[in-house]
Amino acid sequence: MGTSKTKTTSSSGIKDKTFSGVGNLIKLLPTGTVFVFQFLNPVLTNNGSCSVVNKSLDAVLIALCGLSCCFASFTDSYTDSDGNIHYGIVTAAGIWPSPDSGSSVDLSKYKLRLGDFVHAFFSLTVFAVLALLDSNTVRCFYPEFESEQKILLQVLPPVIGAISGGVFMLFPNSRHGVGYPPSGSTTTSS
């Protein structure tokens, strides 16, 4: 009877860890940013038939969406003593903008960490693979690459996704940035 309970607990723990890892991956690649890219990229690249203007506009879109992915890694939120949720940018001194001086929230818990840069790097990497290997982007910027390196275009995204997913699962991000409310109603360390 004890062995059965251990197997159930073990498989339940693996399942929970897997779902947690997938949740962290979803949280680290902002879905709004990806949606905006997927929506605007075909329009700006003219479905892969680009002129110089199309290339310029799409390059700006890719840069802004990449910046958005990185920026999201440096945002967090907290709940004040009145139950209001506040969002801010993580800095070396804590979260900015700081609350009123009368607030009882200890914002020193929200300092910038090395993990924030790691998550920003991998988030940007996943987005870059998604954006730069998109069929419209490939046909627009480097059309010869699609026919010559078809295997690379098929293999690279899952490999980068698996590596990044592993990093996100091993080093979960506890930040609850813009668009992701804090878990629970109490102030938690992020």
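Colleague: How many helices and strands are there in the chain?
Modeller: In this predicted model, the elements run from the N terminus in the order α-α-α-β-β-β-α-α-α-α. Counted by kind, the chain has seven helices and three strands.

Colleague: What share of the residues of the chain count as buried?
Modeller: A residue counts as buried when its relative accessible area is under 20%. The accessible surface of the chain comes to about 11,100 Å², and carbon and sulfur atoms hold 67% of that area. Of the 190 residues of the chain, the share that counts as buried is 33%.

Colleague: Among contacts between residues at least 6 apart in sequence, what share joins residues at least 24 apart?
Modeller: A contact here requires heavy atoms within 4.5 Å. Among the contacts in the chain between residues at least 6 apart in sequence, those that join residues at least 24 apart make up 65%.

Colleague: Which residue forms a salt bridge with Asp76, and how many residues apart in sequence are the parts that the pair ties together?
Modeller: A search of the whole structure finds two salt bridges, and in one of them the side chains of Asp76 and Arg175 meet with N to O at 2.9 Å. Asp76 lies in strand S1, residues 75–79, whereas Arg175 lies in the segment after helix H7, residues 150–170, so the pair ties together separate parts of the sequence. Asp76 and Arg175 are both buried. The partner of Asp76 is therefore Arg175, and the parts are apart in sequence by 99 residues.

Colleague: Which residues are linked in a network of salt bridges?
Modeller: Arg175 also forms a salt bridge with Asp116, where the closest N and O atoms are 2.8 Å apart. The network of salt bridges links Asp76, Asp116 and Arg175.

Colleague: Is the aromatic pair of Tyr78 and Tyr110 stacked, edge-to-face or tilted, and why?
Modeller: The structure holds seven aromatic pairs, and in this one the ring centres of Tyr78 and Tyr110 are 6.1 Å apart, with the planes at 50°, so the pair falls in the class named at the end of this answer. Tyr78 is in strand S1 and Tyr110 is in the loop between strand S3 and H4, 32 residues apart, and the pair thus links distant parts of the chain. Both tyrosines, Tyr78 and Tyr110, are buried. Planes under 30 degrees apart would count as stacked and planes over 60 as edge-to-face, so at 50° the pair is tilted.

Colleague: Which residues form a nonpolar patch on the surface?
Modeller: One of its members is Phe35, which is placed in helix H2, residues 31–44. Phe35 has a relative accessibility of 58%, and therefore counts as exposed. With about 400 Å² of accessible area together, the patch consists of Phe35, Val36, Phe39 and Leu40.

Colleague: What is the phi of Asn46, and where is this residue found?
Modeller: Most residues other than glycine have a negative phi. Asn46 is partly exposed, at 43% relative accessible area, and its phi is positive although it is not a glycine. The loop between H2 and helix H3, residues 52–72, is where Asn46 is found, and its phi is about 55°.

Methods: Residues are numbered from 1 along each chain as its sequence is written. This is a predicted model: local features need pLDDT of at least 70, side-chain atom pairs count only at pLDDT 80 or more; totals for chains, interfaces and linings use all residues. Side-chain values use heavy atoms; hydrogens and water are left out. Helices (H or I, at least four residues) and strands (E, at least two) are DSSP runs, numbered from the N terminus. Buried means under 20% relative accessible area, exposed over 50%, partly exposed in between (1.4 Å probe, protein chains only). Accessible areas come from the Shrake-Rupley method with a 1.4 Å probe; for residues, only the protein chains shown count as cover. A salt bridge is a side-chain nitrogen of Lys or Arg within 4 Å of a carboxyl oxygen of Asp or Glu. Rings of Phe, Tyr and Trp (its six-membered ring) pair if their centres lie within 6.5 Å; planes under 30 degrees apart count as stacked, over 60 as edge-to-face and the rest as tilted. Patches are made of residues with over 30% relative accessible area and no salt bridge: like charges are joined within 9 Å, nonpolar side chains (Val, Leu, Ile, Met, Phe, Trp, Tyr) within 5 Å.
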